[in-house]
Amino acid sequence: MHVENDIKLGFKDVMIRPKRSTLKSRSQVSLERTFTFLNSKKTWTGVPIIAANMDTVGTFAAALVLAEFRMLTAVHKHYSVEQWQDFLHDIDPAVLPHIMVSSGTSDADLNKLRAILALHSGLEFLCIDVANGYSEHFVTFLRRVRAEYADLTIVAGNVVTGEMTEELLLSGADIVKAGIGPGSVCTTRVKTGVGYPQVSAVIECSDAAHGLNGHVISDGGCTCPGDVSKAFGAGADFVMLGGLLAGHDESGGDLVEQDGRQYRLFYGMSSDTAMDKYHGGVANYRASEGKTVKIPYRGPLAVTMLDIQGGVRSTCTYVGAAALRELSKRTTFIRVQEQENRLFNS
């Protein structure tokens, strides 16, 4: 047993200190970034925000909307090969660089992945997603996929520490997904006692990744546009969003009505709801590590994306960053015990 005594920080523990700025307007801020990836050697340009690969978020409909904003969608892994074929039929080629195919790590997952990638040569991204990125089986699968697809840009995770970030990059990943337990419908920290506050996780993983010319996604924990900015400020190259993008027209999840109001169901992919839907229930050797909630219906996804973009642009003006790539260099975090005045919170 070992105890680390240094304090680890989440989004609620910090704010960004403002600095002098020569920017006259939020419209002067560029949110686009260009990355060249470590192992695939591919170059990508766009706004580095990603819809999470949850079936209530990472849908085909959401992918089309986010592509218009030059953002990415990690399309969830539960679409069939036939559904992928229908989606890719006559698709605008400009959409494809903003699509990630998601996969688990079983032999069946690999066979399905091969079938999907064979449908269109324009699919450039793969997200290999497991709850525990520390398993030897996960690393072995990553190496196997990299050996088979040398020019595919591979996202792998989730982890929260520098040494495992380095291991995944050296095993073939281009981008490492950082985050264990911060999601709004994740109960891993409650059920297992395992986790890592997200700001500290991103700082540690980004520091390790950037030393190897790799990249990091901050995955989970963003409750508002300000948290997205904090993730970028902490060093994340990309930010993945779940709950912020749920509840929209383009989202998955059943539409339900309660007390005259409309809601969409939103649930973690390790929840009872997801396990019942895709795996015939929760296996008797494990616990559910997610919950199901009702998200008030939010209307078109594009409205929310404009709000998130506007918030991040505004952050950049407060610290004098003319481009998103400058934000982490211009960020000084201050530790706080309060975030907002909620006296009149509705």
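Buried means under 20% relative accessible area, exposed over 50%, and partly exposed in between, with a 1.4 Å probe and protein chains only. The model is predicted: local features need pLDDT of at least 70, side-chain atom pairs count only at pLDDT 80 or more, and totals for chains, interfaces and linings use all residues. Residues are numbered from 1 along each chain as its sequence is written, and side-chain values use heavy atoms, leaving out hydrogens and water.

Me: Is G181 buried or exposed?
Reply: G181 lies in the loop between strand 9 (175–178) and helix 6 (188–192); helices (H or I, at least four residues) and strands (E, at least two) are DSSP runs numbered from the N terminus. Its relative accessibility is 14%. Therefore G181 counts as buried.

Me: Which residues does G181 touch, not counting residues up to four places away in sequence?
Reply: Contact means heavy atoms within 4.5 Å. With residues up to four places away in sequence not counted, G181 touches C186, T188 and R189.

Me: What is the relative accessibility of G183?
Reply: The loop between strand 9 and helix 6 holds G183. G183 counts as partly exposed because its relative accessibility is 26%.

Me: Is S314 buried or exposed?
Reply: S314 is placed in helix 10 (residues 301–319). Its relative accessibility is 12%, so S314 counts as buried.

Me: How many Å apart in space are S314 and S25, C-alpha to C-alpha?
Reply: In sequence, S314 and S25 are 289 residues apart. In space, their C-alpha to C-alpha distance is 8.6 Å.
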